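Please open the model in a viewer and keep the sequence panel beside it.

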Amino acid sequence: YLSYFMLKIMKKINLIVLIIFCYGFFSKLSSSELVIDIFGKEKVKTYKIDDNNFFRIINSQSVFKTNTNLYGNSECAGTSEIYNKNAILNFIWELREGKNKAYYVIKNKNTESSKKDEVTELAVNILFVGGSGRWKNLIGQKCSFVYFEYEERASHAKVKCEINDEILSLFKT
């Protein structure tokens with residue numbers, strides 16, 4: 001009787017595992033990617049404590065383009081700090097596409113870093129915290145974010161969001 005009972009449980013577990021696998025596989029097939037490329041110019045005030053410890057106040061003006069052919073302006077403000085090899089980030093971005101806006105933040109408590117230059121090349125997650133029009137559909141969405149700072153305070157950031165096809169269709173022109 002016990003082996004019959006165990007066999008039934010194993011069949012149910014196998015079925016549950018199969019369902020979870022299929023759901024995960026097919027949900028990946030139905031997910032899409034919204035990509036936002038942001039190109040900007042920055043104003044930076046740096047308070048250098050020593051070679052490995054500093055505090056930066058950053059403001060940037062920029063333009064953006066999505067992989068769905070939306071264009072707009074954006075700006076960013078925030079701080080980056082390094083103390084004893086820990087990077088602390090606190091930024092907000094505003095994207096403006098016509099009268100529609102989106103807001104996302106980068107916040108962390110302490111990411112291991114070894115020097116100032118590592119904050120000029122950054123890969124973290126962002127969180128959309130506000131928006132209007134089509135952008136309000138991204139509120140609560142976590143996305144990947146990479147950032148590069150170039151000479152003369154030029155910068156390029158890229159946001160990649162895994163979203164479903166229905167939400168992506170709202171961003172197509």
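Throughout this tour, contact means heavy atoms within 4.5 Å. The model is predicted, so that local features need pLDDT of at least 70 and side-chain atom pairs count only at pLDDT 80 or more, while totals for chains, interfaces and linings use all residues. Residues are numbered from 1 along each chain as its sequence is written, and side-chain values use heavy atoms, with hydrogens and water left out.

**The whole chain**

Begin with a cartoon of the protein chain, which has two helices and nine strands. Helices (H or I, at least four residues) and strands (E, at least two) are DSSP runs, numbered from the N terminus. Followed from the N terminus, the order of elements is α-β-β-β-β-β-β-β-β-β-α. Of the contacts in the chain with a separation of 6 or more, 53% are between residues 24 or more positions apart.

Next, display the surface. Its accessible area is about 11000 Å², and carbon and sulfur atoms hold 58% of that; such areas come from the Shrake-Rupley method with a 1.4 Å probe, and for residues only the protein chains shown count as cover. Buried residues are 36% of the 173 in the chain, where buried means under 20% relative accessible area, exposed over 50%, and partly exposed in between (1.4 Å probe, protein chains only).

**The nonpolar core**

Select Ile36, Ile38, Tyr104, Phe128, Trp135, Phe145 and Val159: these have the most contacts inside the largest nonpolar core, a set of 29 residues. Strands S1 (31-50), S2, S4, S5, S7 (121-131), S8 and S9, together with helix H2 (165-170), each give two or more residues to this core. A nonpolar core is a set of buried Ala, Val, Leu, Ile, Met, Phe, Trp, Tyr and Cys residues joined through side-chain atoms within 4.5 Å.

Now centre on Tyr104. Which residues does Tyr104 contact, leaving aside its neighbours within four places in sequence? They are Ile38, Phe91, Ile92, Trp93, Leu95, Ile126, Leu127, Phe128, Val129, Phe145 and Val159.

Move to strands S3 (residues 71-83) and S4 (residues 86-97), which pair in the antiparallel sense over 11 bridges; two strands pair if DSSP finds at least two bridges between them. Thr79 has Asn90 of S4 as its bridge partner. Two residues lie between the strands of this hairpin, where Asn84 has a positive phi near 50°.

Continue to S5 (residues 100-107), which runs antiparallel to S4 and is joined to S4 by eight bridges. Arg96 has its bridge partner, Lys101, in S5. This hairpin of S4 and S5 also has two residues between the strands, and Gly98 takes a positive phi near 60°.

Select Ser60 in strand S2 (residues 53-66). Is Ser60 buried or exposed? Ser60 is buried, because its relative accessible area is 6%. Beyond neighbours within four places in sequence, Ser60 contacts Lys41, Glu42, Ser74, Glu75 and Cys76.

Follow the chain into the loop between S2 and S3, where Asn69 is found. Asn69 has a positive phi near 70° and, at 41% relative accessibility, is partly exposed. Most residues other than glycine have a negative phi.

Finish at the loop between S8 and S9, which holds Glu152. Glu152 has a positive phi near 55° and is exposed, at 68% relative accessibility. Tyr150 is located in the loop between S8 (142-149) and S9 (154-164); its relative accessibility of 46% makes Tyr150 partly exposed.
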